[in-house]
Amino acid sequence: MTPTTTIAAIATPQGRGGVGVIRLSGPNAFAIAEALTSKPLPAPRMAAFRQFCDAQGEVIDEGLILCFPAPHSFTGEQVVEVQGHGGVVVQNALLTRLLSLGATAARAGEFSLRAFENGKMDLVQAEAISDLIDASSQAAARSAVRSLQGAFSARVNAVLEQLIHLRLHVEAAIDFPEEEIDFLADGRILTLLEQVQEAVAQVQKSAKQGQLLREGLQVVIAGKPNAGKSSLLNALAGVDRAIVTDIAGTTRDVLHEKITLNGLPITLTDTAGLRETGDIVEQEGIKRAYKEIEQADLLLLVYDLTTDDDPLALADGFFHQLDHKRLLLIANKADLAGQTPQQDELNGFRRIVLSARQESGLETLIQAISAHAGYQPEETTFIARTRHLDAMMRCQQHLADARVQLVEFYAGELMAEALRLAQNALSEITGEFSADDLLGKIFGSFCIGK
Ligand SMILES: Nc1nc2c(c(=O)[nH]1)N(C=O)[C@@H](CNc1ccc(C(=O)N[C@@H](CCC(=O)O)C(=O)O)cc1)CN2
Ligand SMILES: Nc1nc2c(ncn2[C@@H]2O[C@H](COP(=O)(O)OP(=O)(O)OP(=O)(O)O)[C@@H](O)[C@H]2O)c(=O)[nH]1
Ligand SMILES: [Mg+2]
């Protein structure tokens, strides 16, 4: 084993601020802090005012120092906070001094990784810290705090307990072969298995909401030139973001705008009008539009009601293989066409009649977008990631396999093995069972100092 280093990093953002905090964590944190201040440290968890000096005794900054003896700290190690003034130059000078005193510059996520390794939190909670910092809506932030406080972990652990209970029954059935057939066939094990499947399904449902809050929804606006795509983006964003003119082919570049609808973070994308063109710049814009269309969670196909464009023919022409569920038809310029904003269906496609310029019919569109995402905000939603959903999906596959082994083959051993794999998959969520590269991937995506 490599000896544990003492790591240091600036914990506050790089920039101007009233206060800038540098954290130290590791076995030499206290010794390094003492050398920095040339004074005894204050009592644990008590702030003291100190001067922070360089090797020549020159004052770099003055501020507060705070010590957290192991294991009662964020990381579970000795932790010191050096709270100086918030400025890029002075903070870097302090950090450099700490490095010269023997500290090592922390890698991204290294404080959180240590907290995880020392049992201060599980993987879901560590991820929740990162998601809280990156939350793009109030609802996302609240659900990240819920995960941080253990709401998600508690649900996973409850299912794990059920699963372990089931495994004990199955192992017992295998260990007493004379009773095997009866034990496996009497329905008790099947009932337990179905209860576990249902419990996982419930957590999956909640986690799906949490993942939506974390990742948000990619909504791409597409259609022919002049249909009113940029006008729609501006209307939904509530700001005059995209250039709108009556010249067809106004938008060239792809434009992203982040908004939240009822707490759901959404990235709205405006694209160049789709048409055959000889203009090279426009061609490039259209190429980029198609790239966005491919990646959209939801596509708004905007067309102009005052033209004789047939939206279904347009949809077919622009995106032949498109999944119907991903497409919403937007009949724009209702004001000019003398139509009232409304919602209806066209050959199985949902259609919304609205006026982007007059901003009428937008509420209906917003509702349709939320409904498309299956977004149902609840007070108990916890933040979740694709990684978690993936683990639960694999858990369900193993449970389904266990069921087949039981009901079709009465194969106790094979059922037991499937259940073991199901448990491993579920345990990956909280990190109880994990591959090393998984940890590297997760913590590497954190910011430095976290
Ligand atoms: N100044 C400062 N503020 C901060 C942090 C920090 O590191 N420093 N945090 C950084 O993320 C968050 C708070 N996280 C923390 C989590 C645990 C402990 C801690 O001392 N835990 C001890 C004692 C617990 C207790 O007294 O109840 C322990 O777990 O034993 C400290 C900060 C947000 N605010
Ligand atoms: N009356 C009326 N005019 C609209 C409406 N929406 C857009 N327009 C007008 O239609 C013209 C084109 O609007 P844009 O939003 O630039 O259209 P676009 O689809 O982004 O066009 P390109 O960027 O060229 O592909 C502008 O003159 C808008 O003011 C609407 O609902 N009603
Ligand atoms: Mg435009």
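# Strands, shells and cut-offs

Mentor: Start with one pair: Ala222 faces Leu301, a residue of β10. The model is predicted: local features need pLDDT of at least 70, side-chain atom pairs count only at pLDDT 80 or more, and totals for chains, interfaces and linings use all residues. Residues are numbered from 1 along each chain as its sequence is written, while chains are lettered from A and ligands numbered from 1 in the order in which they are written.

Trainee: What makes β7 and β10 a pair?

Mentor: Strands pair if DSSP finds at least two bridges between them. Five bridges join β7 to β10 (residues 298–304), and the two run parallel. The strands themselves are DSSP runs of E, at least two residues long; helices are runs of H or I, at least four long; both are numbered from the N terminus.

Trainee: How do you know that β7 also pairs with β9?

Mentor: By the bridge count again. β7 (residues 217–223) and β9 share five bridges in the parallel sense. Gln218 sits across from Thr267 of β9. Val219 sits across from Leu268 of β9.

Trainee: Which strand pairs with β9 in the antiparallel sense?

Mentor: That is β8, over seven bridges. Here Lys258 is the residue opposite Thr267. Two residues lie between the strands of this hairpin, and Asn262 has a positive phi near 50°.

Trainee: Why is β9 called largely enclosed?

Mentor: Buried means 20 or more other C-beta atoms within 10 Å of the residue's own; exposed means 12 or fewer; partly exposed lies in between; C-beta atoms are placed from the backbone. Five of the seven residues in β9 (residues 264–270) are buried, so the rest of the structure largely encloses this strand.

Trainee: What makes β7 mostly covered?

Mentor: Its buried count. Five of the seven residues of β7 are buried.

Trainee: Why does Thr245 count as exposed?

Mentor: Thr245 has 10 C-beta neighbours inside 10 Å, so it counts as exposed. Thr245 belongs to the loop between α9 (229–237) and β8 (255–261).

Trainee: And why does Ile247 count as exposed?

Mentor: Ile247 has 9 C-beta neighbours inside 10 Å, and therefore it counts as exposed. Ile247 is also placed in the loop between α9 and β8.

Trainee: Which residues does UniProt list for "binding site"?

Mentor: The unreviewed UniProt entry lists Asn226, Thr245, Ile247 and Thr250. They span 25 residues of sequence yet cluster in space, with a largest C-alpha distance of 8.1 Å. Such annotations may be inferred rather than shown by experiment.

Trainee: Which residues are around ligand 1?

Mentor: Val21, Phe68, His72, Ser73, Phe74, Glu81 and Lys120 are around ligand 1. By class, this shell splits into three nonpolar, two polar and two charged.

Trainee: How do you know that β4 has two partners?

Mentor: Count bridges on each side. β3 (residues 48–53) and β4 (residues 59–68) run antiparallel, with six bridges. β4 and β5 (residues 79–86) run antiparallel, with five bridges. Arg50 has Gly63 of β4 as its bridge partner. Leu64 has Gln83 of β5 as its partner. The hairpin of β3 and β4 has five residues between the strands, and Gly57 there takes a positive phi near 85°.

Technical notes. A residue is near a molecule or strand if its C-beta atom, placed from the backbone, lies within 6 Å of it. Ala, Val, Leu, Ile, Met, Phe, Trp, Tyr, Cys and Pro count as nonpolar, Asp, Glu, Lys and Arg as charged, and the others, Gly among them, as polar.
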